[in-house]
Structures are given as C-alpha cells and as structure tokens.
Amino acid sequence: MPFRDPIDKRSSARLFRDRDYAKAQANAGSEPRDPFWWTAVLATRAAFAARPGAKLISVPLHGGSLSVSVGGGWRASTSLPDDVAVQLDLYLPYCVPHPRGLVVAHIGQSLDSRIATENGESRWITGEADLLHCHRMRALADAVLVGARTVRADDPQLTVRRCAGDNPFRVVIDPELSLTGRHAIFRDRAAPTLIVAAKEHGDRRGETHGYEVLGVPRVGGTLDVSVIRTTLGDRGLSVVFVEGGGITISHFLEAGCLNRLQITVAPIIIGSGRPGVAFPGNRALDGALRPRIRRFDLGGDTLFDCDFDA
Ligand SMILES: NC(=O)c1ccc[n+]([C@@H]2O[C@H](COP(=O)([O-])OP(=O)(O)OC[C@H]3O[C@@H](n4cnc5c(N)ncnc54)[C@H](OP(=O)(O)O)[C@@H]3O)[C@@H](O)[C@H]2O)c1
C-alpha cells in the first residue's frame, strides 16, 4: 500500500466524524477515554522525540502498525475507516521533528471573523469538537502561548484535560506584568509558566507565584515575536501552540513567525466584537497571504489548516 500524503488531499473537505469526541466530552471531568488512533498519534510523537534522526518510525495501531515518515506521510498495516484516516492526516504532521521549530496558531471565529463579543465573551463560539481539537493540539505542543487579554478575559488553565497527553509549558505575553496572582495559571502549578514581558522587567523567577519572567526587547512598539520564538526554541520549546487571542496571533503572523494557522469557523454571525486576524494599514489584494489549505469538518464547524511553509 502506498504512503498516504496528507497534503495530497488538501483541497477537499474531509469528514471529521469523531465518533469518540462525544465520549471524551462526557468524560471531560474524569479520566478521558481516547480513541485508539490518538494513542498511536501520541506514540508517534514520543518515538520521533526519542529518535530525532529517524526518517521513519513504526508504532502499534489497533492490532497492527502505523508507519510514519519524517515528512508526515503515513501507512497503516490494516485498513482504517475514513474518519480515522482523516484524523491521522490532521495530527501526524504535528508529530514529526521540526528542526527549525514550528509555531502553529489556532483561533475559533464566527462567519464574520469575531473571536469574542464586545464584552470579551468567547465561550463558546466554536463547538465541542473544536474544544477537543485544541486540547489535542496542546498535547502535541511543547508550549501553549496566549496574550494577556485572553488570561484577563477567560482565566484559562491551558492544560490538557479532554484527551490523554502531557501538559505543555504555559507562556503568556504580558509586557507590563499587569496580570495578578489570582489567575489559575499562577495558582494551580499544573505546568511550568513563563511570562514574556518587556526587557526592562528583566529575567527573573516570580517570587510569589512560582512563575518565570522572560524579558524581551521591543520592536516598533510591541515585543519582538521573533525573539520570543527563538528564545523558546533555545529552551527546547520547539513546537509552540499560539491559542489566541487575535492581537497575539496577528503579531506573529505579521512578523512572519507563524508556520501554520488553524482557523475554525463556526456558522454564526455575531455582528460586532473582538476581531480575529487583523493587520494595520492598507494591503493590496496581491499582497494577500495565500497559504496552502487543508479543510476539515469539525462537528458543525469548519477547520481551515493554513500552511505558510508549503
Ligand atoms: N475564539 C477564540 O479562539 C479565542 C481564543 C483566545 C481568546 N479569545 C478571546 O479573545 C479576547 C482576547 O483577545 P485579544 O485579541 O483582545 O487579546 P490577546 O491576543 O489575548 O492579548 C493581547 C495582549 O497581549 C499582549 N501582547 C500580545 N502579543 C504582544 C506583543 N507581541 N507585544 C506586546 N504585547 C503583546 C498585550 O498585552 P497588554 O494589553 O498588557 O499590552 C496585548 O494587548 C478575549 O475576549 C478572549 O476571550 C478567543
């Protein structure tokens, strides 16, 4: 059987009939029960991490085996249902080595590109399948990164709870150290937490809340995201999942520091509210970014997985 290349099928919408996501949702408060293919995805990530130079690895899959090439192509020793194949297409490219690092952002938005209402309410624009997807992406990342406004609005835990997998490092961009210790990320000690602040705040460990502060220089009024990316990479945090909000993702995108952007579009129109991706100034249409797109049906929502490196 030839290797299945997930890129080959990028132009068609693929069904994301995740028969197990409802089960995972029902178990969200307790131990998650994962589908068999998710165990193979995590095993693939672990196998490549253990053998960084490997061109091909093989892991158990449902009584057979799954071979994954360093390019993300895969082949199963037994035939798989289409919906399982689609999930492997989606997640396996995030499990292979990325020697120069990989920064992938995700945003859930309405049809009119809103990621939250005017008063900052964003739970939940997209549905349960997208929420589970975010937890899976966290499990495949070394670090999950958000902007200070997301912490202020949502007080997120940024941990892996809806599926099996390790918690990534948590990184928050908070230039003036405006957040207080009342937020969950400072209190729960569920994962190491790094605050990225302006250079003048220096590098230090938070005396009170057990977090670490990383000072980064400014460029054009904002913190230099290319320095953030490089510094995280130097610490071994090479796969970074930027989980919002729109301002933070836009800084990364504008600086050319995103390899992938996942936009999940929910079939609702909010009318006004916080924007998703937005750049200042006028852009000509021929200056539009035209990433290679893979499209997935995600419950009632649609996930556009944009690849800027392809
Ligand atoms: N629908 C979704 O998928 C989703 C995901 C996440 C969040 N949200 C919602 O989106 C809203 C927050 O998003 P947002 O776009 O308003 O803000 P945000 O991206 O969460 O945070 C932006 C803030 O982070 C800091 N920041 C980020 N990058 C920076 C950089 N390069 N340099 C300097 N500072 C930087 C700044 O903090 P200061 O303000 O301190 O300067 C900036 O104002 C909330 O309502 C949240 O609920 C939705």
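**Figure 1. Helix α8 and the residue that follows it.** G256, with a positive phi near 70°, follows α8. The model is predicted: local features need pLDDT of at least 70 and side-chain atom pairs count only at pLDDT 80 or more, while totals for chains, interfaces and linings use all residues. Residues are numbered from 1 along each chain as its sequence is written. Because 7 of the 9 residues of α8 are buried, this helix is largely enclosed by the rest of the structure. Buried means that 20 or more other C-beta atoms lie within 10 Å of a residue's own, exposed means 12 or fewer, and partly exposed is in between, with C-beta atoms placed from the backbone. The buried positions of α8 are G246, T248, I249, S250, H251, F252 and L253.

**Figure 2. The shell around the ligand.** Of the 30 residues around the ligand, G147, R149, T150, G244 and G245 come nearest; a residue is near if its C-beta atom, placed from the backbone, lies within 6 Å. At least two shell residues come from each of β5 (102-109), β6 (114-116), β7 (143-147), α5 (148-154), β13 (222-223) and α8 (246-254). Helix α5 gives the most, with 5 residues. By class, the shell has 12 nonpolar, 12 polar and 6 charged residues. Nonpolar covers Ala, Val, Leu, Ile, Met, Phe, Trp, Tyr, Cys and Pro, charged covers Asp, Glu, Lys and Arg, and polar covers the others, Gly among them.

Figure 3. Beyond four places in sequence, V196 touches V171, V172, I173, L214, V216, L223 and I228; contact requires C-beta atoms, placed from the backbone, within 7 Å.

**Figure 4. D301 in strand β18.** D301 lies in β18 (residues 301-307). D301 counts as buried because 22 other C-beta atoms lie within 10 Å. Its C-alpha is 4.7 Å from that of A266, 35 residues away in sequence. Leaving out residues up to four places away in sequence, D301 touches T126, G127, A129, D130, T264, V265 and A266.

Key. Helices (H or I, at least four residues) and strands (E, at least two) are DSSP runs, numbered from the N terminus. Two residues are in contact if their C-beta atoms, placed from the backbone, lie within 7 Å.
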